[in-house]
Amino acid sequence: MAATASEQERRVLEAVPSGLYIGGEWRDATGGGRLGVEDPSTGETIHEIADGQAQDADAALAAAHEAFRTWRHTPPRERSDVLRRAYDLITERTDDLALLMTLEMGKPIAESKAEIAYGANFLRWYAEEAVRIDGRFTPNETGVGRVLTMRQPVGPCVFITPWNFPLAMGTRKIGPALAAGCTVVVKPAKQTPLSMLALAQVLEEAGLPGGVVNVLTAKSSGEVMEPLIKDPRTRKLSFTGSTEVGRKLMEQASEQVLRVSMELGGNAPFLVFADADLDKVVEGALVAKMRNGGEACTSANRFHVHESIAGAFAEKLAAAIGDLKVGRGTEPDVKVGPLIDESQRETVEELVDDATSKGARVATGGSRLDGGGYFFQPTVLADVPDDARLLREEIFGPVAPITTFSSDEEAVQKANATEYGLVAYVYTQDVDRAFRVIEELETGMVGFNQGMVSNAGAPFGGVKQSGFGREGGPEGLHEYLETKYVAMNVGVPPT
Ligand code: NAP
């Protein structure tokens, strides 16, 4: 499956800077260390980036701290204009940015384009919000005195993002932060730093002043980021990644009682009730399961299907999933790219082997694909027993396990039997049932007869060990604003 790099690929890669972006300048890492970025569809190194050190992290935070003094007072309309220009530039460059994303992350070009549109939209959405930050002025309940509230930017923020959505996980934080008047140090995942570096270029071109956004790439994330999280100049940490790492970072953040948002792992149940329209369910299931090759926190991790239709559903889903073309994301008609690396492929393989050894039946797929790159067959497992690990653990791969339920109560009980609580999907044509079930689900989001919930105008986020805080919508902006209350000794007392 290896392919020789085309001219376009070379051009797109050469255009990405390889340095750290600090205080509006591109520079090498202290000590000059470099770090390779792989194409997961070939396993070949396609680019080298700077291996940032603790001193570089300190310089990035110093730049964000300094820039905050002016950015917070930059007129909202100017902040808005920068965001809007960045949106326009990203949109104009969709083809190149999508190719870059596919090269570093592996997803099919059509999906990279969809992420570019989704990611850019956070900049447009928050450009529109930047000029609508409000407060309130109300009479005290006694009639004497007034309550005034104002919203102010939280301050310099530290962002840590994962590899699965290399652009959107950054813009979902950067858009609202800049709109609010905050400044940023962002550290992308080491597997996929290129889209974030390209975003920094775009922001610079859009007129963002130096120091407002700083991009730090590093191999030793823990060592480089811990001092920033404990530094009093940092006023907020927003993390998207695994629950395991999130837990560690919360511990570090507790030292200075740092304001924190955590967008963590998921284990999404996909519930199919007996009255659902099976063709529409399969359509939604393909999106919920196979988008991003299953490497999404919102990925349907387990299909709980009413026992009366489970056989028919498994057959239809296996036919649809078995038909998906697997390959390098740059090739035409490819619907499923490689997994991000060998370690992720081994995890998926172990989870499938565990389920089949306990009695699950392979309806399609079931194993790795040999050759270059980290490919795994799109897989459907039917009759998955309750003790299979993949019902409890995040799969993060193109594997759809199916189990059954016999009553609405059992469906809800199975859906909630996890420490995660990001998203659930509910398929039924009975609206009363839907709402009875939806109200009982312990998740931050629900897809009702649809397999995707992501939307710049809606509050994305989880409960339980999927984290807290919301990204998108007005809620996403509030994450970057403090409310200051002023007790005002004014007003006319009642006569
Ligand atoms: P991860 O291993 O937790 O890594 C996420 C980020 O944290 C990366 O930038 C990583 O850097 C960094 N990191 C790792 N250890 C660190 C440490 N000790 N200190 C500071 N930073 C550290 O997660 P991932 O494998 O990249 O992403 C997959 C996970 O993200 C899944 O669990 C998925 O569900 C979750 N996710 C959640 C959402 C959501 O919105 N809820 C969205 C997307 C993904 P390095 O790359 O250098 O290790």
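Reply: Helices (H or I, at least four residues) and strands (E, at least two) are DSSP runs, numbered from the N terminus. Gln 252, for instance, lies in helix H9, residues 243–254. Keep in mind that this is a predicted model: local features need pLDDT of at least 70, side-chain atom pairs count only at pLDDT 80 or more, and totals for chains, interfaces and linings use all residues. Residues are numbered from 1 along each chain as its sequence is written, and side-chain values use heavy atoms, with hydrogens and water left out.

Me: Why is Gln 252 called buried?

Reply: Buried means under 20% relative accessible area, exposed means over 50%, and partly exposed is in between (1.4 Å probe, protein chains only). Gln 252 comes in at 13%, so it counts as buried.

Me: And what does Gln 252 touch, not counting residues up to four places away in sequence?

Reply: Glu 226, Ile 229 and Lys 230. Contact here means heavy atoms within 4.5 Å. Met 225 is 27 residues from Gln 252 in sequence, with 9.9 Å between their C-alpha atoms.

Me: What makes Ile 160 buried?

Reply: Its relative accessibility is 9%, so the label is buried. Ile 160 is in strand S7, residues 157–160. Leaving aside neighbours within four places in sequence, its contacts include Lys 173, Lys 187, Met 225 and Leu 237. Leu 237 is 77 residues away in sequence, yet the C-alpha atoms of the pair are 8.0 Å apart.

Me: How do you know that Thr 403 is buried?

Reply: The relative accessible area of Thr 403 is 4%, so buried is the word. Thr 403 sits in strand S16, and its side chain makes a polar contact of 2.8 Å with that of His 304.

Me: Why is the pair of Thr 403 and His 304 called a polar contact?

Reply: A polar contact is a pair of N or O atoms within 3.5 Å; within protein, one must be able to donate a hydrogen and the other to accept it, and residues adjacent in sequence count only if both atoms are side-chain atoms. At 2.8 Å, the two side chains are joined by such a contact.

Me: Which ligand distances involve an N or O atom in a side chain?

Reply: For an oxygen atom of the ligand, there's 2.6 Å to Ser 242, 3.1 Å to Lys 187 and 3.4 Å to Glu 263. Taken alone the ligand exposes 900 Å², and the protein buries 88% of that. Those areas come from the Shrake-Rupley method with a 1.4 Å probe; for residues, only the protein chains shown count as cover.

Me: How do you know that the span of helix H11 agrees with what it should be?

Reply: The expected span of a helix is 1.5 Å times one less than its number of residues. With 13 residues (310–322), H11 should span 18 Å, and its end C-alpha atoms are 17 Å apart, which agrees.

Me: What puts the buried residues of H11 on the same side?

Reply: The buried residues are Ala 310, Phe 313, Ala 314, Leu 317, Ala 318, Ala 320 and Ile 321. They cover an arc of only 165° around the axis, so they're on the same side of H11. That arc is taken from the directions from the helix axis to the C-beta atoms. Among the elements these buried residues pack against are helix H10 (278–290) and strand S16 (399–405).
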